[in-house]
Amino acid sequence: MAADLRRELYEGLDALPIYDIHTHIDARNAFAGSLADIIGYHYYTELANSAEYRPDFAAEMDPDQIVRQVLERLPLFANTVQSDWLMVIGETFLGIKRSEWTSLAWQEVAAKAQKAIDAPGYRQEVLRRSGVQSIYMTNSCDEDLEGIDRRLFVPCLRVDPFVFAIDNPAERERLERASATVVRSPEDFALALRRVFNKFAAHGMAYAALSTVPNLVTRPVSDEEAAAALNQALTTGRLDEQARRAWAAYALNCIGDCCRATHKPFHLMIGVRRGAYPAGVAGGRDLMDSANSLVGYDYLFNEYWDVSFPVSVLADTSGLELAASSWIRHNVYVSGHWWYQNSPSDIARELRRRLDVVPANKLLGYYSDAYRVEFILPKFRMYKHELATVLAERVERSLTHPNMAPLDVDQALRLGKALLLDNPMRLFGAA
Amino acid sequence: MAADLRRELYEGLDALPIYDIHTHIDARNAFAGSLADIIGYHYYTELANSAEYRPDFAAEMDPDQIVRQVLERLPLFANTVQSDWLMVIGETFLGIKRSEWTSLAWQEVAAKAQKAIDAPGYRQEVLRRSGVQSIYMTNSCDEDLEGIDRRLFVPCLRVDPFVFAIDNPAERERLERASATVVRSPEDFALALRRVFNKFAAHGMAYAALSTVPNLVTRPVSDEEAAAALNQALTTGRLDEQARRAWAAYALNCIGDCCRATHKPFHLMIGVRRGAYPAGVAGGRDLMDSANSLVGYDYLFNEYWDVSFPVSVLADTSGLELAASSWIRHNVYVSGHWWYQNSPSDIARELRRRLDVVPANKLLGYYSDAYRVEFILPKFRMYKHELATVLAERVERSLTHPNMAPLDVDQALRLGKALLLDNPMRLFGAA
Amino acid sequence: MAADLRRELYEGLDALPIYDIHTHIDARNAFAGSLADIIGYHYYTELANSAEYRPDFAAEMDPDQIVRQVLERLPLFANTVQSDWLMVIGETFLGIKRSEWTSLAWQEVAAKAQKAIDAPGYRQEVLRRSGVQSIYMTNSCDEDLEGIDRRLFVPCLRVDPFVFAIDNPAERERLERASATVVRSPEDFALALRRVFNKFAAHGMAYAALSTVPNLVTRPVSDEEAAAALNQALTTGRLDEQARRAWAAYALNCIGDCCRATHKPFHLMIGVRRGAYPAGVAGGRDLMDSANSLVGYDYLFNEYWDVSFPVSVLADTSGLELAASSWIRHNVYVSGHWWYQNSPSDIARELRRRLDVVPANKLLGYYSDAYRVEFILPKFRMYKHELATVLAERVERSLTHPNMAPLDVDQALRLGKALLLDNPMRLFGAA
């Protein structure tokens with residue numbers, strides 16, 4: 001591929017503002033307060049833990065110790081794209097040169113970062129250099145949404161606990177508190193959900209967000225079956241496998257009802273096995289399952305035909321299945337490149353595939369999944385580099401392909417802009 | 001890759017006549033009679049339905065309305081390879097320039113197409129410009145095969161109803177009518193099949209064709225078990241899950257017996273979930289399952305060791321499993337790039353893999369799966385472009401690879417010709 | 001990609017000595033004694049069998065007949081990488097030019113090979129030209145490890161029979177003989193294993209090696225459950241499905257215990273379906289299953305947190321799941337490119353992925369899986385060509401990627417050397 005063409009396309013994409021449709025950023029604590037807030041990101045602790053295991057490290061709570069121990073092991077995973085994200089954050093925001101991460105003592109690295117972070121205008125500068133325009137959050141039902149800067153931050157309701165943790169008293173309490181509803185029956189639960197959705201809708205929520213277990217099965221669930229499951233959770237404090245599945249299906253339907261009523265999309269992130277590696281660091285214990293079928297979502301997608309479903313998949317093996325779903329299903333939208341698939345070669349493969357067979361208006365390009373604003377820039381850069389590559393291939397292919405008309409750079413950039421800006425803004429009502 | 005090399009290889013492949021080993025073309029209605037016959041292809045109605053859902057569209061029967069509604073939404077999926085097929089058909093056969101699909105009113109587009117279609121010699125010109133030499137059909141058991149131009153059209157017997165719809169009275173009636181056999185027992189069924197196969201063999205059938213559900217299991221089935229299943233179908237009008245599976249396995253064995261007796265291959269197209277999206281347009285309701293194992297075919301492949309099985313898979317995840325099967329199993333042939341895998345990046349990936357590990361004489365290159373002759377050209381072009389790309393990579397790799405001898409363009413083209421012509425002609429007895 | 005860059009990288013990798021961490025080479029019979037020892041490799045017999053089936057060929061025992069029949073069909077699979085391995089062996093070691101494999105009579109080819117093999121210094125020359133430094137073996141528990149050249153050969157204990165063939169009296173006898181232990185109880189079995197491990201450890205074993213069935217499930221197994229399974233095996237000569245699974249899980253735990261006690265890694269090769277194609281040649285009857293989940297290994301990996309698990313997978317669909325496991329799990333190491341994945345495009349895909357997300361010190365590059373020393377060179381060349389390609393891409397990407405610092409050739413070669421030499425030597429204690 002002509003390097004000039006890719007560069008031109010990258011620069012065009014890089015000039016676009018960033019519209020980040022899924023993050024875990026806390027609007028009240030959006031920026032790093034110290035280097036530990038950067039280094040403590042699970043990607044670094046988990047790579048350090050994996051590269052050189054130290055028995056007590058996963059439980060380490062002292063931020064300094066975490067920084068020290070990760071930096072000691074940084075050379076072991078310097079090959080990774082995650083390491084590159086850190087290098088970018090260092091040189092762009094923290095005044096740390098690439099070589100200094102290993103040449104300086106960890107205290108010096110931390111001090112340099114602190115100096116940058118404490119400088120006046122740091123946050124504005126991070127936003128400005130990143131070109132961030134909008135940050136979607138992942139909010140718990142009982143989170144206080146008042147006083148958040150709505151020009152920058154968009155609430156999204158995380159619904160995982162309703163589906164997978166109804167047997168957890170603390171989670172039930174949060175729901176009850178958030179909805180001012182005592183939950184003793186499926187009807188109570190449905191009412192509580194409606195109240196939470198209405199509260200979130202009043203605060204401009206973009207969508208409901210759920211991460212799911214592999215091979216989840218959605219289906220109709222009678223009130224009786226749901227009541228029996230809920231009763232089991234309330235009386236025994238846990239659910240057997242059958243009740244767990246019944247409740248999950250029931251709760252999904254209730255959430256579908258609420259999305260329908262509030263005209264909000266239901267964002268699914270499909271296929272994570274939580275806690276697969278208990279010895280891992282916080283945030284680094286979950287894996288995927290390559291044998292993950294989307295067949296179990298037929299009922300949900302069909303029944304809630306009037307609800308939009310942006311969908312991400314964790315398994316690479318679900319890539320074509322998702323593309324095919326979005327290709328024929330009017331209400332399934334391909335969304336981003338999630339977690340274990342968020343690396344250049346997997347991104348590029350899916351991009352090629354999606355751009356060849358899914359209507360361009362069904363594609364939601366990318367989200368950072370970040371916990372701090374600083375990570376948005378390097379992650380979007382990584383994506384935009386692959387998008388520029390795939391678009392450059394497309395431009396070049398169009399010049400010789402017997403079926404194609406020549407595609408020019410402006411047309412290619414419009415395609416890129418559709419993925420990055422137009423489609424998410426239209427789908428989430430921000431246009 | 002050197003663009004000149006790819007172009008030279010493409011031109012060499014493009015000059016080959018087209019031998020299209022699987023289509024749904026009706027020999028008596030092989031060419032479009034109006035633009036609606038082109039636009040009505042499920043790829044366009046499903047992409048339009050997916051890109052912008054309109055509740056009544058899927059049930060729309062008025063050809064004009066279908067044309068209008070698809071053309072209105074054409075810009076939404078202009079990025080797809082399917083859109084490119086349409087552009088090629090327009091400019092090559094219908095006198096419609098690429099820009100005119102959107103710049104003209106739909107009535108004008110349709111009128112232009114009609115003028116081209118009604119012109120004398122249209123059909124001969126489509127065939128000539130496409131270079132089509134042979135078109136394999138997909139025929140129902142009761143179809144009239146008399147009077148078909150056998151120089152161009154080759155019958156193939158579709159056996160899906162025998163395997164998956166024995167509980168459908170209309171399908172049973174077709175079989176009974178076609179075979180002049182009352183089907184009340186497994187023995188009757190086997191006899192009916194034999195008669196149908198003999199009739200088709202007498203008409204020069206190429207093979208029996210079956211599309212299967214994901215994770216199908218083949219196995220020996222006793223006459224008693226088959227009789228019980230058939231009896232259930234006859235008396236209750238439906239089959240429970242166990243009986244459905246037993247009957248499918250039984251029927252597959254009967255078909256294997258008939259293939260053996262008539263010395264015809266059994267073409268399998270593996271892994272489609274029918275009706276997954278009921279709100280879809282006709283032909284656009286089926287999906288794949290990425291968790292699809294080929295383990296269930298062991299019995300069939302082993303037991304019918306003297307029957308050849310050309311095999312296509314719908315799931316990309318089955319690509320290496322199929323290649324490995326054809327690599328070691330003498331009677332499994334890799335066939336084409338089916339449906340959801342029929343896009344450039346998936347084609348290229350499988351081509352690289354197949355050419356590296358499967359004996360070249362086991363590879364059946366491509367089929368169009370088309371419903372009208374007009375689609376053969378753009379689909380084969382798409383494939384040939386990827387084949388030229390992969391062969392060009394191979395030629396270039398051979399010049400520097402430490403294990404390879406230099407491959408020249410003629411050798412590469414011979415390899416391409418083996419896939420496109422030699423192998424299907426030899427396997428299907430047309431050489 | 002710049003051809004010069006790839007060539008420079010390839011030459012750098014090619015200059016490294018070969019450290020081959022998994023083979024089936026017999027130290028006492030490591031080199032071919034005739035052409036039949038090369039041609040008899042299952043890759044050639046299975047490709048010949050697949051390309052042109054001859055009913056009696058799979059049972060053919062006469063070496064001359066095997067050579068003759070394979071060479072007759074060589075042109076049918078001349079496209080494969082396996083054919084290229086043979087060409088390299090011919091021209092590098094056997095004095096057979098590429099054209100001669102088909103232009104000469106098979107007896108002449110065999111005679112040329114024999115002349116080369118019988119020449120003085122043949123074995124030293126093969127080793128020297130291959131640059132082989134270390135060859136890991138796959139040894140049965142009762143194999144005599146005395147008198148083996150330990151500078152070149154490293155024993156590894158194959159544990160498959162303990163896990164999957166406890167109901168086979170001949171296999172039990174081998175274990176009993178090797179351990180001087182009568183096996184009548186789970187305790188006996190555990191003791192026998194410990195004795196075998198201790199013997200192997202005394203002979204410098206590198207690791208225990210196991211190939212597994214798809215979707216294996218590891219779990220805790222009580223002594224009672226194990227005793228019941230073993231009793232079934234001893235008394236009935238076979239295991240029902242439930243007992244078979246229980247025993248496999250029990251035996252895996254015992255092997256984990258022994259690896260822990262002897263501080264040896266446990267090398268897993270995951271997902272082979274043995275005997276799927278009974279009509280195949282010896283060594284050519286096994287297939288993969290694309291629907292293969294690694295979820296069943298959670299227990300083993302978690303429980304034996306202090307044992308290192310180099311892991312290979314047979315299914316391409318397990319590629320990202322394995323990379324993700326090694327990315328977060330401290331004790332899982334990605335190992336090589338096994339069997340059906342051992343072809344250029346699958347190797348390159350996994351290499352890109354692994355180098356982007358797994359700490360570089362967790363990656364074990366390649367092993368030949370060879371039965372004769374002659375195959376090591378062409379197989380490693382094939383791998384090194386892909387590694388050079390991927391590293392060249394990385395170098396080029398680093399020059400324009402917005403997140404990367406320029407990577408130079410020396411750095412890229414250090415990364416390659418880590419995979420090929422540093423990591424296996426460190427993990428297997430040979431540094």
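# A guided tour of a predicted three-chain model

Begin with chains B and C of this predicted model: a rotation of 120° with 0.0 Å of shift along its axis superposes chain C on chain B, at an RMSD of 0.0 Å. To locate the axis from chain C, select Ala291(C), which comes closest to the rotation axis of the residues of that chain, its C-alpha lying at 3.1 Å. The surfaces by which these copies meet are different, for 5% of the contact residues of chain C recur in chain B.

**The contact of chain C with chain B**

Display chains B and C together. Here 41 residues of chain C are in contact with 34 residues of chain B. On the chain C side, select helix 1 (3-14), helix 3 (42-51), helix 5 (81-94), strand 8 (287-288), helix 16 (344-357) and helix 17 (376-400), the elements that give two or more residues to this contact. Coloured by class, the side of chain C that touches chain B shows 21 nonpolar, eleven polar and nine charged residues.

**The contact of chain A with chain C**

Now display chains A and C. Chain A supplies 41 residues to this contact and chain C supplies 34 residues. On the chain A side, two or more residues come from each of helix 1 (3-14), helix 3 (42-51), helix 5 (81-94), strand 8 (287-288), helix 16 (344-357) and helix 17 (376-400) of chain A. That side of chain A divides into 21 nonpolar, eleven polar and nine charged residues. Only 5% of the interface residues of chain A are also interface residues in chain C, so the copies meet through different surfaces.

**Helices 16 and 17 of chain C**

Hide the other chains and select helix 16 and helix 17 of chain C, both of which give residues to the side that touches chain B. At what angle do helix 16 and helix 17 of chain C pack? The angle is about 45°, with the axes 9 Å apart. Helix 16 of chain C is therefore oblique to helix 17 of chain C. Their crossing is right-handed.

Show the side chains at this contact. Helix 16 of chain C contributes Pro344(C), Ile347(C), Ala348(C), Leu351(C), Arg352(C) and Leu355(C). Helix 17 of chain C answers with Met382(C), Tyr383(C), Glu386(C), Leu387(C), Thr389(C), Val390(C) and Arg394(C). By class, the contact of these two helices has nine nonpolar, one polar and three charged residues.

**Helices 12 and 13 of chain C**

Remain in chain C and select residues 223-236, which form helix 12, with residues 241-262, which form helix 13. The axes of these helices come within 9 Å and cross at roughly 120°. Helix 12 of chain C is thus oblique to helix 13 of chain C. Is the crossing of helix 12 and helix 13 of chain C left-handed or right-handed? The crossing is left-handed.

From helix 12 of chain C, pick Glu225(C), Ala226(C), Ala228(C), Ala229(C), Leu230(C) and Gln232(C). These meet Ala243(C), Ala246(C), Trp247(C) and Tyr250(C) in helix 13 of chain C. The contact has eight nonpolar, one polar and one charged residues.

In chain C, select strand 1 (residues 18-20) and strand 2 (residues 132-136), which run parallel and are joined by three bridges. Asp20(C) stands opposite Ile135(C) in strand 2.

Finish in chain B, where an open sheet of three strands has the order 1-2-3, with parallel pairing. Strand 1 (18-20) and strand 3 (153-154) of chain B stand at the edges with a single partner strand each, so one side of each is left without a neighbour in the sheet. Strand 2 (residues 132-136) of chain B pairs with strand 3 of chain B over two bridges, in the parallel sense. Which residue in strand 3 of chain B is the bridge partner of Ile135(B)? Select Phe153(B) to see that partner.

Notes
Residues are numbered from 1 along each chain as its sequence is written. Chains are lettered from A and ligands numbered from 1 in the order in which they are written. This is a predicted model: local features need pLDDT of at least 70, side-chain atom pairs count only at pLDDT 80 or more; totals for chains, interfaces and linings use all residues. Two strands pair if DSSP finds at least two bridges between them. Helices (H or I, at least four residues) and strands (E, at least two) are DSSP runs, numbered from the N terminus. Axes are lines fitted to C-alpha atoms, for helices over the stretch in contact, and angles run from 0 to 180 degrees between N-to-C directions. Angles under 35 degrees count as roughly parallel, over 145 as roughly antiparallel, 65 to 115 as roughly perpendicular and the rest as oblique. A crossing is left-handed if the near helix is turned anticlockwise from the far one by less than a right angle, and right-handed if clockwise. Two residues are in contact if their C-beta atoms, placed from the backbone, lie within 7 Å. Ala, Val, Leu, Ile, Met, Phe, Trp, Tyr, Cys and Pro count as nonpolar, Asp, Glu, Lys and Arg as charged, and the others, Gly among them, as polar. Copies are superposed by least squares on the C-alpha atoms of residues with pLDDT of at least 70 in both.
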